[in-house]
Amino acid sequence: MPNEASSSDKTPSFEMTWGSSTSSGYCTDEDSDTEFEQYFTARTSFFPKIRKATVNANVKQDEQTECDKQELSAADIQQKVKAYNAQINSNLFMNMNKDGSYTGFIKVQFKLARPVSVPSPKKGGPDSASAGKRASGVKRRTSFYLPKDASKHLHISSRTSAREVIEALLKKFTVVDNPAKFAVFERSERHDQVYIRKLSDSECPLQLRLCAGPNEKVLNFVLKENETGEVNWHAFSMPELKNFLRILHREEEEHVKQIVQRYALARTKMQEALTGSTPG
């Protein structure tokens, strides 16, 4: 298959190209060199915003599209590949292979509500490195939020599974979190309704892309946390939890400050109104 990676590890056979995005942010603790982890964030709040039911009233979950139900013959695939390539205005073409498979591009948007973890950059000389190894055997990691609505184009095969797509995205951004924490969702818009469905690990996104065509309103892919209900705090390491507590404390102080200022402003305006009013 063209453009296959030749790595000796178990990396899926595809390459990643086009518009990658990285995160920028700030370190939450100036003394974080003494910790095993640093925490970076590009968000203004540790807590994700609460989703109101009215906001997502037109979003339906776990709705299958017609693309999920079709089984295409080899002739159908060739015809759809030609039709697909005729509709795009870029060089993100699909190509047929002799074995009946095909390759092409998918775009995956990131909509992550929680931070991801990457290995911390190595600092200092050999002494600091040896000191890090002696620190209870804990590996240093940095946690940060990926920018909202960041996206990545992947060049994959029709046989590349959703699980392999997740692993490739995490590897591209050197994320060390368990791939099971994430899932690929398909999002489609039909008749003023938005349909969201989580792909199983064995589903092949490029097959869905071919069936739906290149229009991203008809179908696009989103990487989100694997929705399992409440946050499993036990899945985070102790340094991560300590950094989360620091962020909570800072946010609490900021909220208290804002509330005090709001009431002080209201009190000042009331007093001004009382001073300027005439008796009776």
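Colleague: In which loop is Asp192 found?

Modeller: This is a predicted model, and in it Asp192 carries a phi near 65°, a positive value in a residue other than glycine. As for its place in the chain, Asp192 is found in the loop between S10 and S11.

Colleague: Is Asp192 buried or exposed?

Modeller: A residue counts as exposed when its relative accessible area is over 50%. The relative accessibility of Asp192 is 75%, so Asp192 counts as exposed.

Colleague: What is the phi of His191 near?

Modeller: His191 lies in the loop between strand S10 (182-190) and strand S11 (193-198), and at 76% relative accessibility it counts as exposed. His191 is a residue other than glycine, yet its phi is positive, with a value near 55°.

Colleague: How far apart are the end C-alpha atoms of helix H1 (residues 74-87)?

Modeller: Helix H1 has 14 residues, and at 1.5 Å a residue these should span 20 Å. The distance in the model agrees with that expectation, because the end C-alpha atoms are apart by 20 Å.

Colleague: Within what arc do the buried residues of H1 fall?

Modeller: The buried residues in H1 are Ile77, Val81, Tyr84 and Asn85. Seen down the axis of H1, they line one face of the helix, because they fall within an arc of 95°.

Terms used:
Residues are numbered from 1 along each chain as its sequence is written. This is a predicted model: local features need pLDDT of at least 70, side-chain atom pairs count only at pLDDT 80 or more; totals for chains, interfaces and linings use all residues. Side-chain values use heavy atoms; hydrogens and water are left out. Helices (H or I, at least four residues) and strands (E, at least two) are DSSP runs, numbered from the N terminus. The expected span of a helix is 1.5 Å times one less than its number of residues. Buried means under 20% relative accessible area, exposed over 50%, partly exposed in between (1.4 Å probe, protein chains only). The arc is that of the directions from the helix axis to the C-beta atoms.
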